[in-house]
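The structure is shown below.

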Amino acid sequence: MADGIPIEITGLSKHFGAVTAVDDLSFTVEPGRVTGFLGPNGAGKTTTLRVLLGLVHASSGTATFGGTPYRALPRPLETVGAALDANFHPGRTARNHLRVYATAAGLPSARVPVVLEQVGLAEFADRRVGGYSLGMRQRLALAYTLLGDPGVFVLDEPINGLDPEGIRWIRVFLQTLAREGRTVLVSSHLLSEVQQSVDEVVIISRGRLVKRGTLASLELDSAPRTIVDSPDRAALATALDDAGLEYDAGRSGFIVDEPDPARVGHAAFVGGVELSALHRLKSGLEESFLSLVGEEPGDEPGEAPPVDEAPSDEEGAR
Amino acid sequence: MTFFRALGAEFQKLLTTRMWWLLAILLAAYVAFMAGGLGALFSWLAANPDAAAPSGGTPLPADVELAPLLYSFASSIGYVFPLLLGALAVTSEFRHKTLTPTFLADPHRTVVLSAKLVSQFIAGAVLGVIGYAVSVGSAAAALSGFGLETGLDSSDTWALIGRGILAMALWGGIGVGLGVLVTNQVAAVVIVIAFTQFLEPILRFAASLNDVTAAVGRYLPGAASDALVGASFYTVASFGGTEALDWWQGGLVLLAIALATTAIGGATTWRRDVS
């Protein structure tokens, strides 16, 4: 196994015509832990990773593996394993797909059955990839990253399209890699998707860094809040206003800036409003994430309530 | 070292999908039909000139040697197959987005493209061997069936076969050049079919009507290819009296087209961002 090397992104910008996809981005990813690279769709995650891997030219700034750009790595697949999208030639089998790139990278073809076994594709290895499910494609993309037994892993949305069993599997997979001292960078547009897998987070929005730290530090950022809902939301809104409580409209009710559900319940009681839900928001992570990336539904208070875009996105993605 | 790894990977890419043998089968069937079928017809005409005359058929020019004409069908009509295979080798990388794993495994893009070019020269030569095996086999059978000369005891015939295989190899390289210039697979296939089947035959005919344009028309790739091989049904149906290029000039024209298109594509589309 190769050693884990830090990923270093310094002052990185990428413009596509008039559009700025990545804007003066700097961060470091250390070995020995799983780092989540988070941000909404279109935040610039994939562009950043493609620049890092030498597939897209940076407009300015650098992205290196311990100081060496990808294109200058003497043995790239033995240094970095990258899975960017699960695209393959549909007429080629998984085994042949991996053999082609083992040859190209000068790796022994004996690695191919080993990595197929590792990702659980051994029994489908001689089937054409055109018949694979999205989950199987994701596993094949991971098999490719393992070919050179590298010290650094760069995975773009690897959980997308996996079934629950696959998600459990990849959590263990990522943690195992990190515990072996490798550098693991995993992107996702959903914090909830990776929050059980990652130790650190790098959050970007509109191409800019908005947060960098441990997962725990993100949790601390968000004060606990209360969720409350009523069959009569208008009346509930009035009652909360009367009690002087700040709140945002969410999909499953109002998110009130008040850690104590009892005070929210009291306000509803005073206003004579029937409640259908009242509980403390257990983890403020997702809300903290959404407010960081500027996608909080409460950005425009007073708008029609039942729109909480991010969670419905989440359902669409699964 | 890294070039030979890339070359090995390109051959594996070629041999692990069905396209190459699909095109090889089509080539063999097409050539067998043309060389064998027309071989039988012409042989019959040549052997029974009296029976042929009342049917209104135009008699063949007396000085035409039938054997090389029939054999050269392998490249004079078959060149579209290495051209397609070469173009698909590049465009399928764009279409199926496999440039990502390709450039991750070997970030030296020029090396990858050079390996593609060389692999398609070789693949084109293999298609040439298949095409000539079929054209010589079927046409010689037809000729000898009517008691005509097969020319297989002549070194000229074998030199023609060798030049024909070289032409097929060069067409494979031109396919790579076309594919890297026109990366859209559908567009590349349409261009190959439209150019080889309609546009170039018309251009060659139109160019031959005037001595000045005929001098330019000799450099059209299909004309250069026929010049390289040294025989073609085009030369029989010869329009105008302009001399074709020498065989080596024809070969250099094809090689120049292959290298120039690949180099231009390599400096443009091949260097672009892969997303």
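## Basis of the description

Helices are DSSP runs of H or I with at least four residues, numbered from the N terminus. The model is predicted, and every value given here is computed from it.

## A nonpolar surface patch on chain B

Six side chains of chain B, namely Leu166(B), Trp247(B), Trp248(B), Leu252(B), Leu255(B) and Leu259(B), make up a nonpolar patch on the surface. Their accessible area together is about 590 Å². Helix H14 of chain B, spanning residues 247–267, supplies five residues, the largest share of this patch.

Leu259(B) lies in helix H14 of chain B. Its relative accessibility is 43%, so Leu259(B) is classed as partly exposed, a class that lies between the limits of 20% for buried and 50% for exposed.

## Crossing helices in chain A

Two packed helices are described by the angle between their axes and by the distance between those axes. In chain A, the axes of helix H8 (residues 233–242) and helix H9 (residues 261–271) come within 8 Å and cross at roughly 110°. H8(A) is therefore roughly perpendicular to H9(A). The crossing of H8(A) and H9(A) is right-handed.

## An enclosed helix in chain B

Helix H12 of chain B covers residues 221–229, and nine of its nine residues are buried, so the helix is largely enclosed by the rest of the structure. The buried residues of H12(B) include Pro221(B), Gly222(B), Asp226(B) and Val229(B).

Gly230(B) follows H12(B) and has a positive phi, near 100°.

Terms used: Residues are numbered from 1 along each chain as its sequence is written. Chains are lettered from A and ligands numbered from 1 in the order in which they are written. This is a predicted model: local features need pLDDT of at least 70, side-chain atom pairs count only at pLDDT 80 or more; totals for chains, interfaces and linings use all residues. Side-chain values use heavy atoms; hydrogens and water are left out. Patches are made of residues with over 30% relative accessible area and no salt bridge: like charges are joined within 9 Å, nonpolar side chains (Val, Leu, Ile, Met, Phe, Trp, Tyr) within 5 Å. Accessible areas come from the Shrake-Rupley method with a 1.4 Å probe; for residues, only the protein chains shown count as cover. A salt bridge is a side-chain nitrogen of Lys or Arg within 4 Å of a carboxyl oxygen of Asp or Glu. Helices (H or I, at least four residues) and strands (E, at least two) are DSSP runs, numbered from the N terminus. Buried means under 20% relative accessible area, exposed over 50%, partly exposed in between (1.4 Å probe, protein chains only). Axes are lines fitted to C-alpha atoms, for helices over the stretch in contact, and angles run from 0 to 180 degrees between N-to-C directions. Angles under 35 degrees count as roughly parallel, over 145 as roughly antiparallel, 65 to 115 as roughly perpendicular and the rest as oblique. A crossing is left-handed if the near helix is turned anticlockwise from the far one by less than a right angle, and right-handed if clockwise.
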